Amino acid sequence: MFESKGNITVLTREGVQIVQINDRQLLEQSVIDSITQNVSQLAYTEASPKLIIDLKAVEWMSSSGLGMLIAVDRVFKVRSGRAIVVGVRPEVRDVFKVSRVDQFMEIKLNVEEAMKSFRADGKPT
């Protein structure tokens, strides 16, 4: 199942919500706010929600974009869930490193690695 919500596409696979960010640049505050709201709502779909945020299309991200990822990660953790970021391009990864976001957010290479991680944690998906 998949659903397109403007700047994101949401897929569900094995109980995991996979959000693909469709914008090349996450710069505009109104776009970032919309993504934050739509993705945060996914945390309320089940008791221990699982999320993959796929950034493979994103070439540049502002500090507000980083704030969006942090906010979504926090909402999922509060709900006893887990969020994994995947598909981070080198130029975006540099922003993650400078801001130290890579030290507290879970980052995997791609969707398949993230799915393996969810399967390995022993919780049914």
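Analyst: Buried means under 20% relative accessible area, exposed means over 50%, and partly exposed lies in between, with a 1.4 Å probe and protein chains only. Helices (H or I, at least four residues) and strands (E, at least two) are DSSP runs, numbered from the N terminus. The model is predicted: local features need pLDDT of at least 70, side-chain atom pairs count only at pLDDT 80 or more, and totals for chains, interfaces and linings use all residues. Residues are numbered from 1 along each chain as its sequence is written, and side-chain values use heavy atoms, with hydrogens and water left out.

The strand is S5 (50-54). Both of its faces are covered. Lys50, Ile52 and Asp54 are buried on one side. Leu51 and Ile53 are buried on the other. With 5 of its 5 residues buried, S5 is largely enclosed by the rest of the structure.

Next, the pairing. Two strands pair if DSSP finds at least two bridges between them. S3 and S5 run parallel, joined by 4 bridges. Here glutamine 20 stands opposite aspartate 54 of S5. S5 and S7 also run parallel, with 5 bridges. Isoleucine 52 has isoleucine 84 in S7 as its bridge partner.

Now the packing. A nonpolar core is a set of buried Ala, Val, Leu, Ile, Met, Phe, Trp, Tyr and Cys residues joined through side-chain atoms within 4.5 Å. The largest such core holds 30 residues. Those that touch the most other members are Ile21, Leu51, Leu55, Met61, Leu69 and Phe96. S5 is one of the elements that give this core two or more residues. The others are strands S2 (8-13), S3 (16-21) and S7 (82-86), and helices H1 (29-41), H2 (63-78) and H3 (90-99). H2 provides the largest share, 5 residues. A second, separate core has 9 residues, including Val16, Ile52, Ile84 and Val86.

What does leucine 55 contact, leaving aside its neighbours within four places in sequence? Contact means heavy atoms within 4.5 Å. The list is Ile21, Met61, Leu69, Val85, Val86, Gly87, Val88 and Phe96.

Then the charges. A salt bridge is a side-chain nitrogen of Lys or Arg within 4 Å of a carboxyl oxygen of Asp or Glu. The whole structure has 9 of them. One joins the side chains of aspartate 54 and lysine 56 (3.5 Å, N to O). Aspartate 54 is buried, at 3% relative accessibility. Lysine 56 is exposed, at 51%.

Another salt bridge joins arginine 24 and glutamate 59 (3.0 Å, N to O). Arginine 24 sits in the loop between S3 and strand S4 (25-26), and glutamate 59 in the loop between S5 and strand S6 (60-61). The two are 35 residues apart. Arginine 24 is exposed, at 53% relative accessibility, whereas glutamate 59 is partly exposed, at 26%. Arg24, Glu59 and Arg89 are linked in a network of salt bridges.

To recap, S5 has buried residues on both faces and parallel partners in S3 and S7. Its Asp54 is buried and forms a salt bridge with lysine 56.
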